[in-house]
Amino acid sequence: MRIKINGKEKITELRDLYSIKAGYFPGNPENLVVILNGFQTPDNLQINDGDEIVLIEKGEMPEQTEFEAMLSARHTPGVYERVKKARVAVAGLGGLGSNIAVALARTGVGHLHLVDFDVVEPSNLNRQQYRIKHLGMYKTEAMQMELAEINPFISVSIDTVRVTEKNAVALFAADEIVCEAFDHPEAKALLINSLLTRCPAPKIVGGSGMAGFESSNTIQTQRVMKNFYLCGDRQTQAQVGRGLMAPRVGVCAGHQANMVLRLLLGQEDA
Amino acid sequence: MSLVVINGQQVDNAEKMTLKDYLVREGYVLSRIAVEYNGEIIPREAYGEKQLQDGDCLEIISFVGGG
């Protein structure tokens, strides 16, 4: 029987997880995390040809070669191999973009292209994926640094520029999917209008309406045009007396990141 | 009887207007929208040239601030 253990092909006659544990990690079995085809289990499940098993010793830093298999061990089987080849842009690295970038990096999207012109300042920390040590840094550079700490097996390229009507098409020319994650409605409209008139148009996943603390359930993903998916409640704008806060911005960013993942896996429905 | 469909709703008195006139009449802020006209995105500078006609199908997306 041919199986994979920690990313490496093995041929084995062992038939269940406890035998595998004893056979490959003879130490303390209580200290082992066992993941079978994306599912963490303490049980002695049967194993079958083609199974992917990851065994992780808690508190131990794995060998470099096993580390990548461990990072993606909780993914649905087949997902990591597919997203690894993808290239996705994130336009704007604020509340939406920084959360989208982190989610896509954790998912293992092979190449992320980050675009933002601004620096990290204290009022960003209420919802954006930065820390005190990043204050004053360009968001592109801070996020690149952060992503390297989360998943060192992806490549991240950055452009520290403001997106304009003039540079938009050239800037995103190599990106199959672009996340619109800007703050200002004019910037959102500019990006959508510029990129959707490009030929061939990329798929764009945008966000509109996620301020305040209205119900999370009003935030939706809709396919509003052939190549444009829009997440958010489409109404609740940031304004005097209604701020942008981590929970609801995170819900919207999660919608956007999941729509990107769906597109990468061939699911075109919202 | 108009057969212009905008954002999934049949809209009366829209035919024989330009797209720009319609958008202004309805109070859209032109710098904050994207318009798909019969399946194609229309550049902002072309709004004034598009004459709405029976059978047209439009999707108008307005963006609000926050991100």
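Domain bounds are those of an automatic or database domain assignment. In the predicted model, this assignment divides chain A into domain 1 (2-70) and domain 2 (80-264), and the centres of the two domains, taken over C-alpha atoms, are 35 Å apart. Local features need pLDDT of at least 70 and side-chain atom pairs pLDDT 80 or more, whereas totals for chains, interfaces and linings use all residues. Residues are numbered from 1 along each chain, chains are lettered from A, and side-chain values use heavy atoms, without hydrogens and water.

Chain B contains an open, mixed sheet of five strands in the order β2-β1-β5-β3-β4, with β2 (9-11) and β4 (40-41) at the edges. Strands are DSSP runs (E, at least two residues; helices are H or I, at least four), and two strands pair if DSSP finds at least two bridges between them. Strand β3 (residues 33-37) of chain B runs antiparallel to β4(B), with two bridges joining them; here B:Tyr37 lies opposite B:Glu40. Helix α7 (residues 185-196) of chain A packs on this sheet and touches β3 and β4 of chain B.

Contact (heavy atoms within 4.5 Å) links 19 residues of chain B with 29 residues of chain A. About 1900 Å² is buried between the chains, 59% of it on carbon and sulfur atoms; buried area is the accessible area (1.4 Å probe) lost on being put together, summed over both parts. B:Phe63, B:Val64 and B:Gly67 lose the most area in chain B, together 34% of what that side buries.

One salt bridge is counted between the chains, defined as a side-chain nitrogen of Lys or Arg within 4 Å of a carboxyl oxygen of Asp or Glu. A:Glu186 and B:Arg32 form a salt bridge at 2.7 Å, N to O.

Key
Axes are lines fitted to C-alpha atoms, for helices over the stretch in contact, and angles run from 0 to 180 degrees between N-to-C directions. Buried area is the accessible area (1.4 Å probe) that two parts lose on being put together, summed over both.
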